[in-house]
Amino acid sequence: MPDISTKPAPAPIPAATILLVRDSGGGLEVFMVKRHHQIDFAKGALVFPGGKAAKSDFDPELGAHMDGVAAWSSEMRALAAAAIREAFEEAGILLARDGATGEIVDGLRLAKLESYREPLEKGEMGLRDLVVKENLRLACDHLVHFAHWITPKMMPKRFDTHFFIALAPHGHVGHHDGRESVDSVWIAPDEAIADRKLWNIIFPTKLNLMKLAQSKSVDAALAAARAAPPLTVEPWVEEGTDGAILRIRDDAGYAQTWTSMRDGI
């Protein structure tokens, strides 16, 4: 159990996560990766691609290479950039347009951009370096804000994470990077939740999978997200009849609002 003390809570680190979805014969599927067991957060867990925002995501000059962000704050632009970058680094899926044609990058062009994934992950280059060199525009207009979670105050490392949802472009099949993530899968939300012996699912991921499972198609999921802008969720600990429980606000739009601390965060 996390150490609950009176010392000041660490400031949450800006982060972004992306739910990449597609339609299949069995209904809606989402792309998920299994975190490496040596990662310091959510080790070994099945998660959506994502991570903390990089300094380069806040580059003000990046905005000139982003579509659909005219009304967005500089912070939301940076988080959108982080979501797109993480999707490319961790999933090999790139939400970007060719600057010359205006068309979303196809599978053939994507394969030619594969070599950029590792340098981006290692911080050897920023997203603006990629889009300028390859004449790309970030398709932020394909992103829909899905959820906003802040790690509980008693945790030693905290993240202020915005979740986005987007249709995976045609021809972008997705594959894990083999470094931060060691496996990947396209999976129905209900299936990911159901088998807890096969998949380690942390509380925020479970609730967002439950939320996603309410939609049976990509169009329905995107429409639902647009119709219900997310409220900020910051869990807290309470004492229940059977021990400590982790709670979230009742109006956050989730079917479940608490979990036993024995089940982990």
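How many aromatic pairs does the structure hold?

**Entry 1: the model.** I began by noting that this is a predicted model, in which local features need pLDDT of at least 70, side-chain atom pairs count only at pLDDT 80 or more, and totals for chains, interfaces and linings use all residues. Residues are numbered from 1 along each chain as its sequence is written, and side-chain values use heavy atoms, with hydrogens and water left out.

**Entry 2: aromatic rings.** I found three aromatic pairs in the structure. I took rings of Phe, Tyr and Trp (its six-membered ring) as paired if their centres lie within 6.5 Å, with planes under 30 degrees apart counted as stacked, over 60 as edge-to-face and the rest as tilted. I recorded Phe31 and Trp186 as edge-to-face, because their ring centres are 5.3 Å apart and their planes stand at 65°. This pair links distant parts of the chain, since Phe31 belongs to strand 2 and Trp186 to strand 9 (residues 181-187), 155 residues apart. I took helices (H or I, at least four residues) and strands (E, at least two) as DSSP runs, numbered from the N terminus.

Are Phe31 and Trp186 buried or exposed? I noted both Phe31 and Trp186 as buried; the term means under 20% relative accessible area, while exposed means over 50% and partly exposed lies in between (1.4 Å probe, protein chains only).

I then looked up Trp149 and Tyr254, whose ring centres are 5.7 Å apart with planes at 65°, so this pair is edge-to-face. Trp149 lies in strand 7 (residues 144-150) and Tyr254 in the loop between strand 12 (243-247) and strand 13 (258-260), 105 residues apart. Trp149 counts as buried because its relative accessibility is 5%; Tyr254 counts as buried at 10%. I also noted that ring pairs link Trp149, Phe203 and Tyr254 into a cluster.

**Entry 3: the largest nonpolar core.** I used the term nonpolar core for a set of buried Ala, Val, Leu, Ile, Met, Phe, Trp, Tyr and Cys residues joined through side-chain atoms within 4.5 Å. Which residues touch the most other members of the largest core? Of its 44 residues, these are Leu20 and Leu130. Helix 1 gives the largest share of this core, 10 residues. For Leu20, leaving aside neighbours within four places in sequence, I listed contacts (heavy atoms within 4.5 Å) that include Phe31, Ala87, Ile93 and Trp186. Another core, of 34 residues, lies apart from it, and its members include Leu19, Leu28, Ala147 and Leu207.

**Entry 4: helix 4.** I looked up helix 4 (residues 127-134) and found Leu127, Leu130 and Val131 buried. Seen down the axis of helix 4, its buried residues fall within an arc of 90°, so they line one face of the helix; the arc is that of the directions from the helix axis to the C-beta atoms. These buried residues pack against helix 1 (74-91), helix 2 (107-113), helix 3 (117-121) and strand 6 (136-138). After helix 4 comes Asn135, with a positive phi near 50°.

**Entry 5: strand 1.** I counted two strands as paired if DSSP finds at least two bridges between them. Strand 1 runs parallel to strand 8, joined by nine bridges, and Ala15 stands opposite Thr161 in strand 8. Strand 1 pairs with strand 4 (residues 50-52) in the antiparallel sense over three bridges; Thr17 has Gly50 as its bridge partner there. Strand 1 and strand 2 run antiparallel, joined by four bridges, and form a hairpin with two residues between them.
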